[in-house]
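Let's take a walk through this one together, from a loop to the ligand site and on to some ring pairs.

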Amino acid sequence: MILHKFKTQADLDRAAADLIISVVRSKTNAVLGMATGGTPVGLYKEIVKTYQQGLISFKEARTFNLDEYVGLPVTHPESYRAFMQRNLFDHIDIKPENTHVPNGNAPDIDAECRRYDEMLYQQGPVDLQLLGIGHNGHIGFNEPDTELSRFTYKVTLKEDTREANKRFFNSLDEVPTHAVTMGMGTIMQAKMILLVVKGQEKAEILDRTLNGPITTQVPASLLQTHPRVIVMTDCDVQYKVSH
Ligand code: PGA
């Protein structure tokens, strides 16, 4: 893992955007793994700025989002499809048919999970996977558990995850109880992973991700075994290269 620390979130957003842009510049039909939540909003703004300056095109790029809520209409502003449209896709020249978000309203969710994996298998591997991290160490919606899933699957959200996401809804009751998420296997197959961690309140989970034991109870700790992970953060943490 490579750890880059930034003094300000603005610097972090720019650096993260630059890395994603550099991947698309070097491979116009790059496959990007996208994330939602509070973390990537600023870096998506930076990408849009660069696009508006005419310095990058996403005409050939393809994207696969990590996850989507189950049962939330895509028209709901907090669906991850709506989030992606609002924060990125509506402002760049990516072809709508090249943007993929799991369908959390599919009549047969298991079939939808298989369809998503099949598409990823056909079009992947992902060149750059962007990740945020939950306070409990989840990536995508792979929640801490005794076992993790390799494939895309329907997950029951932990109460702390629903609590954390309550800020985007009117009340906890409105936060969906389930989501579809890419599994750990697909995430780990990405050629490069960019983990963005913002806010000192995530310093502890980031320390456990970087330096703690590799455990399914901290799904992000599995990233220690991936050959090419770049971590960008404004947290005060160290990466211990030996014990
Ligand atoms: P956040 O969520 O960016 O809203 O903090 C990150 C995550 O839960 O993966």
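Where is the place of Pro-125? Look in the loop between α4 (109-123) and β6 (128-131); helices (H or I, at least four residues) and strands (E, at least two) are DSSP runs, numbered from the N terminus. Gly-124 and Pro-125 are joined by a cis peptide bond, with omega at about 5 degrees. Most peptide bonds are trans.

Before going on, some ground rules. This is a predicted model, where local features need pLDDT of at least 70 and side-chain atom pairs count only at pLDDT 80 or more, while totals for chains, interfaces and linings use all residues. Residues are numbered from 1 along each chain as its sequence is written, and side-chain values use heavy atoms, leaving out hydrogens and water.

Now for the ligand. Around it (a heavy atom within 4 Å) you'll find Gly-37, Gly-38, Thr-39, Gly-132, Ile-133, Gly-134, His-138, Arg-167 and Lys-202. Oxygen atoms of the ligand make polar contacts (N or O pairs within 3.5 Å) with side chains: Thr-39 at 2.4 Å, Lys-202 at 2.6 Å and His-138 at 2.7 Å. On its own the ligand has 280 Å² of accessible area (Shrake-Rupley, 1.4 Å probe), and the protein covers 84% of that.

Finally, the rings. There are six aromatic pairs, counting Phe, Tyr and Trp (its six-membered ring) with centres within 6.5 Å. Tyr-44 and Phe-83 make one that is edge-to-face (planes over 60 degrees apart), at 6.4 Å centre to centre and 65 degrees between the planes. This pair links distant parts of the chain, 39 residues apart: Tyr-44 belongs to helix α2 (residues 41-52) and Phe-83 to helix α3 (residues 80-87).

Methods:
Polar contact = N/O pair within 3.5 Å; in protein donor to acceptor, adjacent residues only side chain to side chain. Phe/Tyr/Trp six-rings, centres within 6.5 Å; stacked < 30°, edge-to-face > 60°.
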